[in-house]
Amino acid sequence: MSQDERYRAPALDKGLDILELLAGIDGGLSQAEIAKQLGRTPNELYRMLDRLQRRGYVTRIDGDRFALTLKMFGLAQLHAPTRRLVSYATPLMRDLTQQARQAVHLAVFDRGRVVVIAQQEAPDYWGISVRVGSHIGLFDTGSGHILLAFTSPERREMMIAENRSEGSGAVPESLRQRFGRIREQGYETMPSAQTAGVFNLSAPILAGDGNAIAALTVPYISLVNTTAAPDMSDCAHLLVRTCRKLSEMAGNRNGEN
């Protein structure tokens, strides 16, 4: 018996076979189709598919078809790539806070939620800070709007489905109608749904394929009795310029779509 065979784990192999198969399929597969492609019977896969679904690695679409969720993508994002993103973004975020006189935070999509992975406080007395590790809304924040707008329609629907599994409701139709405008403008600006007097200015950090890997957000507040602070329009310009630099670092040579 070979070394590989001596330490086999059949149940683990079965689960990995399913994940690897679905990773290369668009539109999902039925239980019978998965069984046929893996050379197994449907009954052999029933419990494994049930566990993978309950753990959030696969989801049902169109009633009887199974497809991968973004959970594995999210796990990867929380590993070395996310740490690298934060290390690249931190000095540029610090520069942005100095120029805009506002706080700024960086967020990614992770397993149905928008998670803040870095933040820089405003350089002066006043600013709105969001704690690192906070889970913020996908449908009611600038960061969430950016992550939904700057992605493929297929991935957007998976993000919405995963968010719904976390207890959120359906995506508002008015938001769906905003995606095109957000992409055309290149950033989102909206009143905060959480704090009165705050406007979310959010822009994407884009990968080489033009999809957002993160959102950078300035929770803009109007500062009085100061002439040094840029207005909202100037802050949006500074934010977009910062995101373009980060997008170039992420492989998007144009820094934009």
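View A. Just after helix 4, G56 adopts a positive phi of about 90°; helices here are DSSP runs of H or I with at least four residues, strands are E runs of at least two, and both are numbered from the N terminus. This is a predicted model, in which local features need pLDDT of at least 70 and side-chain atom pairs count only at pLDDT 80 or more, while totals for chains, interfaces and linings use all residues. Residues are numbered from 1 along each chain as its sequence is written, and side-chain values use heavy atoms, with hydrogens and water left out.

**View B. The buried residues of helix 4.** Here you can find L45, M48, L49 and L52, the buried residues of helix 4 (buried: under 20% relative accessible area, 1.4 Å probe, protein chains only). Their cover includes helix 2, helix 3 (31-38), strand 2 (58-61) and strand 3 (65-68).

**View C. Helix 2 against helix 4.** A11, K14, G15, I18 and L19 of helix 2 meet E44, L45, M48, L49 and L52 of helix 4 (contact: heavy atoms within 4.5 Å).

**View D. Two nonpolar cores.** The largest nonpolar core has 26 residues, and L96, L106, L216 and L239 have the most contacts inside it (a core is a set of buried Ala, Val, Leu, Ile, Met, Phe, Trp, Tyr and Cys residues joined through side-chain atoms within 4.5 Å). Helix 11 gives the most to this core, with 7 residues. A second, separate core of 23 residues includes L70, A107, I136 and F150.

Notes
Buried < 20%, exposed > 50% of the residue type's maximum accessible area, 1.4 Å probe, protein only.
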